[in-house]
Amino acid sequence: RTFNIRSARAKAESATADLQNAVQQAMQDVWSADRSLHTAIRDIDASADLLKSATESFEATQGRYIAGVGNILDVLSAQSALEDAKKSRIQAYSTWHMAKLKLAVAVGNITLRDVE
């Protein structure tokens, strides 16, 4: 009987420790997902600035070329930078959407099955 009581207490303590670990892991997952979302938002802002700058640079370079004071290589380089900025903007939005989904999963609003 004493052995059974001790065994039950040990199992209860083990279950309590497992529960505490699960709670801590869940809290860590939520915190990590929240940080990722905030980083993604900052990346969207940065990509907007980059896109604006690349657009202005391309327009200025194209204007110089049309006016006859620039060359086609400068236009192509500015166009390539503009396309890279657009790609960066798309990637930032993709990362933001993924971060939103990960946070929703972490807080239990949706499950991975819902996402599929």
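Ser-47 lies in helix α1, which covers residues 2-67. The model is predicted.

**Exercise 1.** Decide whether Ser-47 is buried or exposed, and find which residues Ser-47 contacts beyond its neighbours within four places in sequence.

*Solution.* 
- Step 1. Take the cut-off: buried means under 20% relative accessible area.
- Step 2. Ser-47 has 2% relative accessibility, so Ser-47 counts as buried.
- Step 3. Leave aside neighbours within four places in sequence. Ser-47 is then in contact with Ser-88, Arg-89 and Ala-92.

**Exercise 2.** Find what Arg-89 touches, and state how far away the nearest side chain of opposite charge is.

*Solution.* 
- Step 1. Skip residues up to four places away in sequence. Arg-89 touches Ile-44, Ser-47, Ala-48 and Leu-51.
- Step 2. Arg-89 is buried.
- Step 3. The nearest side chain of opposite charge is Asp-45, 6.2 Å away.
- Step 4. A salt bridge needs a side-chain nitrogen of Lys or Arg within 4 Å of a carboxyl oxygen of Asp or Glu. Arg-89 has no salt bridge.

**Exercise 3.** State how many salt bridges the structure holds. Then describe each pair.

*Solution.* 
- Step 1. The structure holds two salt bridges.
- Step 2. Arg-35 and Asp-34 form one of them, at 3.0 Å from N to O. Arg-35 is partly exposed at 35%. Asp-34 is partly exposed too, at 25%.
- Step 3. Lys-86 forms a salt bridge with Glu-83, and the closest N and O atoms are 3.5 Å apart. Both residues lie in helix α2, three residues apart, or about one turn of the helix.
- Step 4. Lys-86 is partly exposed at 37%. Glu-83 is partly exposed at 41%.

**Exercise 4.** Describe the overall form of the protein. Which pattern does the protein follow along the sequence, and what does its C-alpha trace span?

*Solution.* 
- Step 1. Count the elements: three helices and zero strands. Read along the sequence, the pattern is α-α-α.
- Step 2. The C-alpha trace spans about 100 × 20 × 20 Å along its principal axes.
- Step 3. Look at burial: 15% of the 116 residues count as buried.
- Step 4. Residues 24 or more positions apart account for 69% of them.

Conventions:
Residues are numbered from 1 along each chain as its sequence is written. This is a predicted model: local features need pLDDT of at least 70, side-chain atom pairs count only at pLDDT 80 or more; totals for chains, interfaces and linings use all residues. Side-chain values use heavy atoms; hydrogens and water are left out. Helices (H or I, at least four residues) and strands (E, at least two) are DSSP runs, numbered from the N terminus. Buried means under 20% relative accessible area, exposed over 50%, partly exposed in between (1.4 Å probe, protein chains only). Contact means heavy atoms within 4.5 Å. Lys and Arg count as positive and Asp and Glu as negative; His and the chain ends are not counted.
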